[in-house]
Structure formats: C-alpha cells, structure tokens
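The sequence and the structure are shown first.

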Amino acid sequence: MSKKNDLRVIKTKKVLFDTLLKLMKQKNFEKIKISDICEEALINRSTFYAHYEDKYELLIELFENQKQILLNELEENENELSSKEYIMKLLSVLIDYIDDNRNIYSAILSCNRNGFLIDFLIDVIEKDASIRLKNNYDIKESNLPLDIIVKFYAGGIINIGISWLTRSENYTKEELLNYIDKLIPEKI
C-alpha cells in the first residue's frame, strides 16, 4: 500500500489539520510551535516530521486540499453560461463552500489576518474564471483583457465572501446574491 493511501497516514494528517485549525482559533499562526501542534494532537514530534518538514508545509497542504475541493465544486458549473450567469454561479458556489467550511475559514481569519486565505481564494477563482470565460462571447465582445476582468471580479467576490464569513453584515445568501445580481451588468 502506498504511503499516500495508507489509512494511518490519512488519519494522522487529518488530526494534524484539525489541530492546526483549533490552535489557529486561539493564536496567530506565527506563534504556533510544532510542539504545540504535537501536544494538542497527542502525537510525537517524530511523527510530525515523518509527514511535514515544518508547520508551513502542513498549512500549505491544508490549503491545497481545500483548494482541490473547491475547484472540484466549481467544475460542476455549467460551461455554457453568460459571463454574468457564470459570476453569479461562482459566487453562489463560493458562498456555499465558505458556509460549509466556516470553521476552517473562521479559524484562519480570527487570529491570522495574513494573506493565506486571500491568496488561496484568488488562486482558485482566477484559475476557474480564466478557463471558463476565455471563450465567452460577452468577454470577447467587450474588448477588455480577460485577466483584468477576472482580477476585478475576483477581488469583489473575495471581499464579499470574507465579509459574509465574518458576518459583519447579516445578509442571507439569497439577499447577498440578489444585491450582487443588481450590481453586475448583463454584458461585461
């Protein structure tokens, strides 16, 4: 059996991910020590180092796993949508994903106001939007560079998603999507 599919490895990594998230709710990522992670996870340091070089590698793998899950969810989007329909569907999927994983992202935001979450979301949104909108008729007709359009809407989507996650505004998902629908033009 390969190390990647070994059930013990999968369980150990899950415990380490959960432990890191728990600790990130309590203090800033930079202040978390490997000894804190091991103590909380009830594992030896040698077990930690058998899987990860340092806490940054653990965090990166956690984000990579989350990124793949989100990309898989976004792939289920229909391909033949107008640019506005695509952006609305992207936002809907993203809000559902954030809500389903609120504990992860709340932990990251609560004591860790660093760029990890924003970089993660930008990467996912820009990858998906660039692929989906590349041949979109609305985009071609607008004569605007695709990368500018993608970055513009990614920034708005991320800001709205983070605001909604932190609940600084108490909008329902439906209210939020309705407001955004009114803001986005029919043709980009």
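How many helices and how many strands does the secondary structure of the protein come to? The count is ten helices and zero strands, where helices (H or I, at least four residues) and strands (E, at least two) are DSSP runs numbered from the N terminus. Read from the N terminus, the order of elements is α-α-α-α-α-α-α-α-α-α.

The model is predicted, so local features need pLDDT of at least 70 and side-chain atom pairs count only at pLDDT 80 or more, while totals for chains, interfaces and linings use all residues. Residues are numbered from 1 along each chain as its sequence is written, and side-chain values use heavy atoms, with hydrogens and water left out.

**Confidence and overall form**

The mean pLDDT (the predictor's confidence in each residue, from 0 to 100) is 82 for the protein, and 91% of the residues score at least 70. Confidence is lowest in H6, with a mean of 72, and highest in H2, with 97. Taken along the principal axes, the C-alpha atoms fill a box of roughly 60 × 40 × 25 Å. Of the 188 residues, 43% are buried; buried means under 20% relative accessible area, exposed over 50%, and partly exposed in between (1.4 Å probe, protein chains only). A contact is defined as heavy atoms within 4.5 Å. Among contacts between residues at least 6 apart in sequence, 70% join residues at least 24 apart.

**The nonpolar core**

A nonpolar core is a set of buried Ala, Val, Leu, Ile, Met, Phe, Trp, Tyr and Cys residues joined through side-chain atoms within 4.5 Å. The largest one in this protein holds 59 residues, and Leu20, Phe48, Leu117 and Phe120 touch the most other members. Helices that each supply at least two residues of this core include H1 (7-26), H4 (55-75), H7 (116-133) and H9 (146-166). H5 gives the most, with ten residues.

Helix H5 covers 83-100. Because 13 of its 18 residues are buried, H5 is largely enclosed by the rest of the structure. The expected span of a helix is 1.5 Å times one less than its number of residues. For H5 this comes to 26 Å, and its end C-alpha atoms are 26 Å apart, which agrees.

H9 has 21 residues and reaches 30 Å from its first C-alpha to its last, close to the expected 30 Å. Its buried residues include Ile149, Tyr153, Ile157, Gly161 and Trp164. Just after H9, Arg167 takes a positive phi of about 60°.

Leaving out residues up to four places away in sequence, Phe120 touches Phe63, Gln66, Lys67, Leu70, Tyr97 and Tyr105.

**Aromatic pairs**

A pair of aromatic rings is described by the distance of the centres and the angle of the planes. Rings of Phe, Tyr and Trp (its six-membered ring) pair if their centres lie within 6.5 Å; planes under 30 degrees apart count as stacked, over 60 as edge-to-face and the rest as tilted. A search of the whole structure finds five such pairs; two of them are tabulated.

| Pair | Centre distance | Plane angle | Class |
|---|---|---|---|
| Phe48 and Tyr49 | 5.4 Å | 85° | edge-to-face |
| Tyr171 and Tyr179 | 5.5 Å | 80° | edge-to-face |

Phe48 is buried at 0% relative accessibility, whereas Tyr49 is partly exposed at 37%. Tyr171 is partly exposed at 31%, and Tyr179 is partly exposed at 39%. Phe48, Tyr49 and Tyr52 form one aromatic cluster.

A charge sits over a ring if NZ of Lys or CZ of Arg is within 6 Å of the ring centre and within 35 degrees of the ring normal. The charged end of Lys55 sits over the ring of Phe29, 4.8 Å from its centre.

**Two further residues**

Thr12 is found in helix H1 and is buried, with 17% relative accessibility. Apart from neighbours within four places in sequence, Thr12 is in contact with Thr47 and His51.

Pro185 lies in the segment after H10 and is partly exposed, with a relative accessible area of 37%. Not counting residues up to four places away in sequence, Pro185 touches Lys84 and Tyr153. Pro185 and Asp96 are 89 residues apart in sequence and 23 Å apart in space, C-alpha to C-alpha.
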